[in-house]
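Let's take a friendly walk through this structure together. Keep the sequence and the 3D view at hand as you read.

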Number of protein chains: 2
Amino acid sequence: MLSYTEENYLKAIYHLAQGGTKAVLTNEIAEMLNTKAASVTDMIKKLSGKNFISYEKYYGVKMTRQGKSEALSIIRKHRLWETFLVQKLQFNWDEVHDIAEQLEHIQSPLLIEKLDAFLNYPKADPHGEPIPDRNGKVQVQAHGCLHEQTLGYKGCIVAVKDSDATLLKYLNKIGATPGKKIELLNKEAYDESLEVLVENKKLSLSKPVAQNILVSLTTR
Amino acid sequence: MLSYTEENYLKAIYHLAQGGTKAVLTNEIAEMLNTKAASVTDMIKKLSGKNFISYEKYYGVKMTRQGKSEALSIIRKHRLWETFLVQKLQFNWDEVHDIAEQLEHIQSPLLIEKLDAFLNYPKADPHGEPIPDRNGKVQVQAHGCLHEQTLGYKGCIVAVKDSDATLLKYLNKIGATPGKKIELLNKEAYDESLEVLVENKKLSLSKPVAQNILVSLTTR
DNA sequence: ATATTTTTTTAGACCAGTCTAAACTTTTAT
DNA sequence: ATAAAAGTTTAGACTGGTCTAAAAAAATAT
Ligand SMILES: [Mn+2]
Ligand SMILES: [Mn+2]
Ligand SMILES: [Mn+2]
Ligand SMILES: [Mn+2]
């Protein structure tokens, strides 16, 4: 059984590796977890000793199959709890991330199964992020970063990065939430801000905002 | 803010002190928490340093007002979560204690308020134990241990100690659950077992079972 | 009243997780 | 090709929580 801390490291590495594929560097992990590189090196050794990651000194870590599966189970719990908090307890979508950060560590497979059933097997959390099923399968809607789309792009908002409450409050205020139609009208060369149409309302989004919005891609 | 471990100690001491009044001995705490007396002494020093308990060397500890209030807040969380698990997630009453033991440590006052509202401000948990309100007030129904009642006693089952799942399964099977009417017909001198009438059904309860059942007392 | 038993505390060690400072590798610049 | 800079690991220390073994105090028995 993993400790609270081990679980947080594993999840951070998984996210930094973009689904567990890319190699992840010590300093990236340190920054994400607000800790120091020396601490990360220690934990890396422990997690690779338990075969959740593979580690090549000075060149970072990669997740193993086992590591990915463990990370996905934590992410599943996190997103189910976020859904519960918004749908059943009437929390705002910007208030749930930190609480889910704690709840994701509760140990009880039965609890998660029952929670899933209670919520009617949701496919996505309140921020649009997909909820892995009990076997770690993720229903991935093809998506890309809004900031990287070309002029004239048309699609809809799939998800939003959820760790910053002020961003979520702002997006909620201007109406840029998952599911909404979005069109890219213009890119400002000077500050890379975007002019977009969200459900027929014209909006201007700064670069840091656009980087945290994921939009649908039609695979063809 | 208290650590996970500090919270567990504080709750254990509160229960051993029967509502925070009686003095509690080092070994009692050690036994309840499955730890060693030496560890308890260390923690006692820490908690008394933070003014949650007052400590007289070799003579045990007493809870302070601050300590009681903190313990009651943890107990409130524990019992609200148990209620949630049974009422909303369809758990059996014998499955919830260990999960609530984890959930009680989640830090978010707003979460508990919202959970309380979602459950419609329940007065008692699934085992009949009263749920303290947000100010730590406990609605105490006058009660006593079934094992200590005199022959001919009539009343109803108020609550049941919840930490042993096999006891709960058994009580559920024989129909001795909170709310049920109960009458004490006979005491067997040899093994102190009781013959009782639960909702007009005759049952025999052994001493250890009767000691874990709380029954109503009419204050007169 | 003294000796024995029981309970509690202290001393010293260990593990998980963290940190700073120093040493070592790799990358980048010249 | 060499020097400087950046990133990573190691060494050693610290905290919170735990343990065993030994010392000290309190309760009990004679
Ligand atoms: Mn989240
Ligand atoms: Mn977390
Ligand atoms: Mn309980
Ligand atoms: Mn607990």
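**Around the DNA**

Helix H2 (26–32) and helix H3 (37–49) of chain A, together with helix H1 (4–16) and helix H3 (37–49) of chain B, each supply at least two residues of the surface near DNA strand D. Helices here (H or I, at least four residues) and strands (E, at least two) are DSSP runs, numbered from the N terminus. This is a predicted model, in which local features need pLDDT of at least 70 and side-chain atom pairs count only at pLDDT 80 or more, while totals for chains, interfaces and linings use all residues. Residues are numbered from 1 along each chain as its sequence is written, chains are lettered from A and ligands numbered from 1 in the order in which they are written, and side-chain values use heavy atoms, with hydrogens and water left out.

Which helix gives the most to the surface near DNA strand D? That is H3(B), with 5 residues. In total, 22 residues surround DNA strand D, and the closest are A:Lys45, A:Tyr55, B:Ser3, B:Thr35 and B:Lys46. A residue is near a molecule or strand if one of its heavy atoms lies within 4 Å of it. Of the atoms of DNA strand D within 4 Å of the protein, 79% belong to sugar or phosphate, and the rest belong to bases.

Now look at the polar contacts, each a pair of N or O atoms within 3.5 Å; within protein, one must be able to donate a hydrogen and the other to accept it, and residues adjacent in sequence count only if both atoms are side-chain atoms. An N or O atom in the side chain of A:Thr41 is 2.9 Å from a phosphate oxygen of DNA strand D. From chain B, a polar side-chain atom of B:Tyr9 lies 3.3 Å from a phosphate oxygen of DNA strand D.

**The manganese sites**

Next, find the manganese ion (ligand 2), which is coordinated by A:Asn8 (OD1), A:Glu101 (O), A:Glu101 (OE), A:Glu104 (OE) and A:His105 (NE2), at 2.1 to 2.7 Å. Donors are N, O and S atoms within 2.8 Å of the metal (3.2 Å for Na, K and Ca); water is not among the atoms, so sites may look incomplete. Along the sequence, the donor residues of ligand 2 follow the spacing N-x92-E-x2-E-H. A:Glu104 is buried at 0% relative accessibility, and A:His105 is buried with a relative accessible area of 8%. Buried means under 20% relative accessible area, exposed over 50%, and partly exposed in between (1.4 Å probe, protein chains only).

B:Glu104 is buried at 0%, whereas B:Glu101 is partly exposed at 22% relative accessibility.

**A helix between the chains**

In helix H6 (residues 109–118) of chain A, the residues A:Leu111, A:Ile112, A:Leu115 and A:Asp116 are buried. They lie on the same side of H6(A), because they cover an arc of only 135° around the axis, taken from the directions from the helix axis to the C-beta atoms. These buried residues pack against helix H4 (65–87) of chain A, together with helix H4 (65–87) and helix H5 (97–103) of chain B, where contact means heavy atoms within 4.5 Å.
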